[in-house]
Amino acid sequence: MYYPAQTLVLGATVIRKERAFPPGASGKAQVRQGAPVQPDTVVLSGSQPGDFVILDALAALGINDPSLISQDVLQVRPGERIQDGQPIFSLGSGRREKVMSSPIPAVFIRLDGTNVILRRDPVDVEVRALLPGSISSVKGETSVTVETIGAFVQGGWGNGKEAYATLTLEPEGGIESLAGGDDMVQRVQGTAIILTKPITSLSVFTIAQNRELAALVAPSMPSALREIALRQPFPVLLTEGFGDHPMSEIVYNVLRGNANRPAGIDARTSGRWSLARPDITVPLSTTAKPPAPEINQPVVVGATVRLTRAPHAGHSGRVYRLPTSPRPLENGLLALGAEVQLTSGEVVFVPLANLELLGRPLEAGRS
């Protein structure tokens, strides 16, 4: 049995999405199990401790003698909340007086040698459901799970933002056509636009900001644009990842089939030790409950797969046969693989390492 990589791409499935506090934050769940929720429902609320700030008292006071910095000249006590501009140290008096004031509202922690250690005020944190549905579970006071039915697409990279907005297809003239003022600009404002080509320039982000787009969904972009994408105020989600890759046909078919529908775009940034991935969820109104995704399954005959390497990268199909012996590749290596019938009808041999499962049941039809 071979267990390949997996990226969930489903036209309709049961989605259970965990909503949790960001690292370091804590608070309480605001909903109970079974409660209905809307995208803007607050499911968790709490606070996140502020960062520590270390200030050099010698530099702030303009002196060189460390012996002048002591507890005796402190104007505040450990644990005391201080305001922006409030004195921390005071040396001398009259016109010769030197004063060090706090540059921020904070809590005074302690004096460590000549360093003043402050902690910024806590920041209020609210976690919203992001999707319409119901609460299927509440894990103490740290996370809740929202359950809904809809289309689901996992991506390759996200910039850490999220939004709930209507999906729209890129204009025929490309996103650059939105630089001018016309009716199309009004139609896409506030929507999550689906780009068919990789992001290759800064102008894409400039246009998205100027036209007040809610999110950008693109197949790929150069890694050189990563830091710029992280600074954008809206979600940027790459379906394939970094590089120069077109959007795979099966992903595009799912997104195109759900154009003009609202979707939750969770462009979360995957951590080194985290299995969480960015994703797009399109809630669907249906009384029939589709199957949950098939996860952690081996490659078998009938499985829907996506090909991840040239010459058929991005294409999808079904496993037609699993040869028991290795076959030679164009580079001369022998490899175990599968015969895959592509959506075009062509049957190709693909090394197992170049296959990706999509979480679809064996009996499911093509998207």
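## Briefing: strands, core and pockets

Strands β14 and β21 pair in the antiparallel sense, over five bridges. In this pairing Gln 154 stands opposite Asp 279 in β21. The model is predicted. Its mean pLDDT is 91, and 97% of the residues score at least 70.

**Confidence**

- β20 has the highest mean pLDDT among the elements of the protein, at 98.
- Helix α2 (residues 183-188) has the lowest, at 77.
- Where pLDDT is low, predicted coordinates should not be read in detail.

**Strand β14 and its partners**

- β14 spans residues 143-154.
- The strand is mostly covered, with 12 of its 12 residues buried.
- β2 runs antiparallel to β14, and 10 bridges join the two.
- Leu 10 stands opposite Phe 152 in β14.
- β13 also pairs with β14 in the antiparallel sense, over five bridges.
- There, Lys 139 faces Ser 143 in β14.
- β13 and β14 form a hairpin with three residues between the strands.
- In that hairpin, Gly 140 takes a positive phi near 55°.

**Strand β20 and its partners**

- Four of the five residues of β20 (residues 262-266) are buried, so the strand is largely enclosed by the rest of the structure.
- Strand β16 (residues 162-169) runs antiparallel to β20, joined by five bridges.
- Thr 166 stands opposite Pro 262 in β20.
- Strand β21 (residues 279-283) is also antiparallel to β20, with three bridges between them.
- Gly 264 has Thr 281 in β21 as its bridge partner.

**A four-stranded open sheet**

- Four strands make up an open sheet, in the order β6-β11-β10-β7, with antiparallel pairing.
- β6 (52-56) and β7 (81-82) stand at the edges.
- Each edge strand has a single partner, so one side of each is left without a neighbour in the sheet.
- Five bridges link β6 to strand β11 (residues 115-120).
- Val 53 has Leu 118 in β11 as its bridge partner.

**The largest nonpolar core**

- The largest nonpolar core holds 22 residues.
- Val 9, Leu 167, Val 251, Leu 255, Ile 265 and Ile 280 touch the most other members.
- The elements that give two or more residues to this core include β14, β16, β20 and β21.
- β17 (192-194), β18 (215-221) and α5 (249-257) are also among them.
- α5 supplies the largest share of this core, four residues.

**The largest pocket**

- The largest pocket contains about 1,100 Å³ of space.
- Its lining has 35 residues, and Lys 17, Arg 268, Ala 276, Arg 277 and Asp 279 lie nearest its centre.
- β2 (9-20), β12 (123-128) and β14 each supply at least two lining residues.
- β2 makes the largest contribution to this lining, eight residues.
- The lining divides into 14 nonpolar, nine polar and 12 charged residues.

**The second largest pocket**

- The second largest pocket has a volume of about 470 Å³.
- Of its 23 lining residues, Glu 240, Arg 306, Leu 307, Thr 308 and Gly 314 are the closest to its centre.
- β19 (236-242), β22 (304-307) and β28 (355-357) each give two or more residues to this lining.
- β19 gives the most, with three residues.
- Seven residues of this lining are nonpolar, 10 are polar and six are charged.

**Backbone details in loops**

- The peptide bond from Ala 310 to Pro 311 is cis, with omega near 10°.
- Pro 311 sits in the loop between β22 and β23 (316-321).
- Leu 130 has a positive phi, near 70°, in a residue other than glycine.
- Leu 130 belongs to the loop between β12 and β13 (133-139).
- Leu 130 is buried, because its relative accessible area is 6% and buried means under 20%.
- Glu 212 is not a glycine either, yet its phi is positive, at about 55°.
- Glu 212 lies in the loop between α3 (203-210) and β18.

Note on methods
Residues are numbered from 1 along each chain as its sequence is written. This is a predicted model: local features need pLDDT of at least 70, side-chain atom pairs count only at pLDDT 80 or more; totals for chains, interfaces and linings use all residues. Side-chain values use heavy atoms; hydrogens and water are left out. On a 1 Å grid over the protein atoms alone, a cavity is a set of points where a 1.4 Å probe fits but cannot get out, and a pocket is an open set with protein on both sides within 12 Å along at least five of seven lines; lining residues have an atom within 4 Å of a point. Grid points are joined across faces, edges and corners, and a volume is the space filled by probe spheres set on the points. Ala, Val, Leu, Ile, Met, Phe, Trp, Tyr, Cys and Pro count as nonpolar, Asp, Glu, Lys and Arg as charged, and the others, Gly among them, as polar. Buried means under 20% relative accessible area, exposed over 50%, partly exposed in between (1.4 Å probe, protein chains only). Two strands pair if DSSP finds at least two bridges between them. pLDDT is the predictor's confidence in each residue, from 0 to 100. A nonpolar core is a set of buried Ala, Val, Leu, Ile, Met, Phe, Trp, Tyr and Cys residues joined through side-chain atoms within 4.5 Å.
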